[in-house]
Amino acid sequence: MGSIGSTSMKAFYLIAALLTIAFSPLNGQDVDAGPMDQQEPRYACPEVHIGFDPEYQIGAIPDVASWHACGTICNLVTDCKFWTWNLGHNCYLKSSDHGIYYNEADTSGQKGCK
């Protein structure tokens, strides 16, 4: 009888552990990923011929010499998460990367890409 009780207890603990993992708030995801500049990049630095939707634009700076300068400006702006620079020398600061599109005149990156 001792082995049946021991087996039942092991099964109970195994089921309890699996249920705890399955219904935990994290569920395999990181709740606090940390600041943007400490996260792994999701994009190449830079993304050539890529733009991000103007709907999420938080600023536009004309006469920016290069995509490097645009990336540096984004790093200095708290709310900037992404940027798009175009061959017209305009730098667009973005709060999101939603609406990614192809455009031969655009170069884009996420905060930290400079």
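Is F82 buried or exposed in this predicted model? F82 is buried, with a relative accessible area of 4% (buried means under 20% relative accessible area, exposed over 50%, partly exposed in between; 1.4 Å probe, protein chains only). The model is predicted, so local features need pLDDT of at least 70 and side-chain atom pairs count only at pLDDT 80 or more, whereas totals for chains, interfaces and linings use all residues. Residues are numbered from 1 along each chain as its sequence is written, and side-chain values use heavy atoms, without hydrogens and water.

**View 1. Ring pairs link Y43, F52 and F82 into a cluster.** Rings of Phe, Tyr and Trp (its six-membered ring) pair if their centres lie within 6.5 Å; planes under 30 degrees apart count as stacked, over 60 as edge-to-face and the rest as tilted. The rings of F52 and F82 have centres 5.4 Å apart and planes at 65°, so they are edge-to-face. Both residues are buried.

**View 2. A disulfide joins C45 to C113.** A disulfide is a pair of cysteine sulfur atoms within 2.5 Å; here the S to S distance is 2.1 Å. The link is right-handed, with 95° about the S-S bond. C45 is partly exposed at 47% relative accessible area, whereas C113 is buried at 4%.

**View 3. C70 and C91 form a disulfide.** Their sulfur atoms are 2.0 Å apart, and the right-handed link has 80° about the S-S bond. C70 is buried, with a relative accessible area of 0%.

**View 4. A disulfide joins C74 to C80.** This link is left-handed, with -105° about the S-S bond, and both cysteines are buried.
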